There are 2 protein chains.
Amino acid sequence: MGSVRRSNSASRSQTTSNWEVLLELDVHGGGPLHSRLRNALLAAIQNGRLPPGTALPPSRKLADDLTCSRWVVTEVYGQLIAQGYLEGRPGSGTRVAWSDRTAPQPAAAAQASVPVPRLDLAPGLPDLRAFPCKEWVAAIRAEAQSIAPSDLGYQAPGGHPRLRLALADYLRRVRCAHAAAEDVIVCTGITDGLMRVCRALASAGLGAVAVEDPTWPRLRRAVATCGLAPVPLVVDEEGLRIADLAAHPEVRAVVVAPAHQYPTGALLAPARRAALLDWVRRVNGVVIEDDCDAEFRYDRPPVSALQGMDPGRVVLLGSLSKRLSPAVGVGWMVVPEGWIDAVHEQSAPTPGPSTLDQLAIARLIETGSLDRHLRRARQRYRARRDALVAALERELPRCCVSGIEAGTHLLLTLPEGTDESAVVFEAMARGVRVWALGRHRLLGAPAAPGLVIGYGNLPLGRADEAARELAAVIARANSRAVLN
Amino acid sequence: MGSVRRSNSASRSQTTSNWEVLLELDVHGGGPLHSRLRNALLAAIQNGRLPPGTALPPSRKLADDLTCSRWVVTEVYGQLIAQGYLEGRPGSGTRVAWSDRTAPQPAAAAQASVPVPRLDLAPGLPDLRAFPCKEWVAAIRAEAQSIAPSDLGYQAPGGHPRLRLALADYLRRVRCAHAAAEDVIVCTGITDGLMRVCRALASAGLGAVAVEDPTWPRLRRAVATCGLAPVPLVVDEEGLRIADLAAHPEVRAVVVAPAHQYPTGALLAPARRAALLDWVRRVNGVVIEDDCDAEFRYDRPPVSALQGMDPGRVVLLGSLSKRLSPAVGVGWMVVPEGWIDAVHEQSAPTPGPSTLDQLAIARLIETGSLDRHLRRARQRYRARRDALVAALERELPRCCVSGIEAGTHLLLTLPEGTDESAVVFEAMARGVRVWALGRHRLLGAPAAPGLVIGYGNLPLGRADEAARELAAVIARANSRAVLN
């Protein structure tokens, strides 16, 4: 529709002076027609191109000219009148009411939208098209109708009591966590939670925190931002090599994802879980458990949270980012009694997620809506994973697929010598987004090159296409490597 | 101080049963005395060691026993009364009001709803009953129905482009700010924005930031949390005394509220605005402009934001907390070009407000809904202010009312020698919440005692009742002071 509109209005660009204005912003494209019309008018008014007093076309006429519904025009006029940019005078139509001599304004730049890849296989994202919009709106509506005025004041420190209680119940039930409401602190996500814990650790005098290698780059960055040195420890097929902690006597805290390591997909072996808890007791330290997507597991029994085995020494971090959407910006931490004051202290000054959102999430948990969403998502992800694994094994028989038992991504090991960055770059140029394994590494590890491929947003029928595209790009990268 | 406290209370541990309770938690140590006292009391109440109905020592006695200021005790009692753990009964002192029979299953603790004072005159809150729930739900619904799946992924750094654009438009139009969308960073509130700026300043090597005195305690705390020394500068009736900056050559940044200082209500005088801009250019520094409620002004023409006069040296901070509700958790910063990368860097790891909320707010701005809400609120606040000022002048002719030209609070100066903490505490015991001026001061200022009284939530018909209650409490405090 957008392009039709554009050529349409372009063909009229000579006829009236207002059209020029519209045309200019139309090119910035994107969004529904009424926003584009509004932006165009706004820009023109702000640039002084439509000086105060200028009469605008009657809505019917403009709608005809744009071949759009008259609603679009009256809506835009109405908005701009409400904001004081236009004024509606009975009998004399709509006129510009606003001017700003100081403008040359580059505002439109920020509107330029980020292009979306044709096949977005970036890891760490849930199925964005499956976000339960209807349930979300219903929950917000129900909570807004019943919210106590006092809940619209400053947020309760640590989160709304109702959400803390709902999360404690949920985590006890689903993750075997040992959590009461007052152990739970609501935050904006795992990184936010990690930073609050790290600031508490730093103010208690710790200087270093061990992190998995490879792992999310943002977790390492969060540790460093808080003034702590991230100490990388190698992850193998049994998860983090706990024994390596012995080489770092200065380390008393470690960030670990026992249920599903990212990006390797490893499960921390039972012996290592025990060794980790031994270690943390011996050094009187803290384990920070990253539990980002434990509900998505397909071929193995559920693994309970480590936190339940030693709630006095393990901080449990989780979020809705992979369970629902990162856009929601809600996470949680279950904090040992000995640390909770310090973490509250670090959390105190800034607010968390909107109270209405917190209540809506509490409602989604209380009503079982989140459970149902997760169950549906798990089924969908399993089918997508099966399709992608089958397609990759067919198209790329020389590459090894691993880490597929859980989560929403897998690891594709590339043939020795493949330039993974080149593969990622060329795939993106073909509209396929994947991540290089290398960006997750801190140690200059001798491990093989690889791709981290998310399938949360891969429609079932397009797994073959994705595998073929990747196979083509990988083949090209390798043939070039042979030539060089 | 901590160790004195501990041995002191230890020596009394045999005398009354309550002391044992205090002792136990004191050992967990850390934090200011009032938090330790609060925690000790809370724990004792939650453990059932202080069953409902237990009378607590009068604040004066407990303060004597602890050899601490009486403020510490009244503050803690006041907090716990506000939270429903204690109740203050006139004539019979303070008693435990809370019990949990299911303890040690402590989940219910988090649920205990915070009782709302009968008359909540805490400053800094908008009219919570006027939150536009319907418009909010409609905006969320509209945005949820049209949101692009990519907007449900990880949040755009700095905020959603559409909200940044809407805010830039709004701030240009309403605050005469000099802002394009890319200068705007969405954050969770003024404190969050201040902390991001302070972290950027700290990493650029600054060591101190000047703050107004008196001001919001949380602003000072935010500065200190970022590792910067807050340097208090006196505020008089013309606003911050800019000339005093000369005595602090180490200071190159200052937090100031030129349009409406909190809590004095002062407007920064034109000559001082000019002097501030001179200063910031001379020291090549940064002015951090707190613009929290500039739209609410009644008896004077609108004052434009300082930022518009030197956008290269002024950071503009604002939020919806007083314009809509603190529960929404949305604020903004307009950052000079020279600082924006550093502030983005400090903001990078953690998400901001939910993307759907950001889009809903953009819609409220675009459609003029926020404008209409603010216009209605302004009318309501003006009427409430007029009623409260008239009632206070009638009931308390010896007290001076000031700072009434703008905002949603006023300052009531108390007769010399009045114990403002006692007034606040006893008012709370009678269901009226106000704030002591003293808690806003960093300097041991010689200024007169006072109350900061918000009228955002004061129903029009209850101004007389509020003034009468305060008059009674103040009279009692003063008659006691005379007796002592």
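**Note on helix packing and salt bridges in a predicted model**

1. In chain A, helix 7 passes helix 12 in a left-handed crossing, that is, the near helix is turned anticlockwise from the far one by less than a right angle. Helix 7 (residues 161-175) and helix 12 (residues 355-366) of chain A pack at an angle of about 35 degrees, their axes 9 Å apart. The residues of this contact (heavy atoms within 4.5 Å) comprise eight nonpolar, one polar and three charged.

2. This is a predicted model, in which local features need pLDDT of at least 70 and side-chain atom pairs count only at pLDDT 80 or more. Residues are numbered from 1 along each chain, and chains are lettered from A.

3. Chain A averages a pLDDT (the predictor's confidence in each residue, from 0 to 100) of 84. Over residues 1-28 of chain A, pLDDT stays under 50. The complex is given an ipTM of 0.77 by the predictor.

4. Over all chains there are 50 salt bridges, each a side-chain nitrogen of Lys or Arg within 4 Å of a carboxyl oxygen of Asp or Glu. One of them joins Arg380(B) and Asp127(B), with the closest N and O atoms 3.2 Å apart. Arg380(B) lies in helix 14 of chain B and Asp127(B) in the loop between strand 3 and helix 7 of chain B, so the pair ties together parts 253 residues apart in sequence. Asp127(B) is buried at a relative accessible area of 7%, whereas Arg380(B) is partly exposed at 27% (buried means under 20%, exposed over 50%, partly exposed in between; 1.4 Å probe, protein chains only).

Notes
Heavy atoms only, no water. Axes fitted to C-alpha atoms, helices over the stretch in contact; angles between N-to-C directions. Helix = DSSP H or I, 4+ residues; strand = E, 2+ residues; numbered from the N terminus. Nonpolar A, V, L, I, M, F, W, Y, C, P; charged D, E, K, R; others polar.
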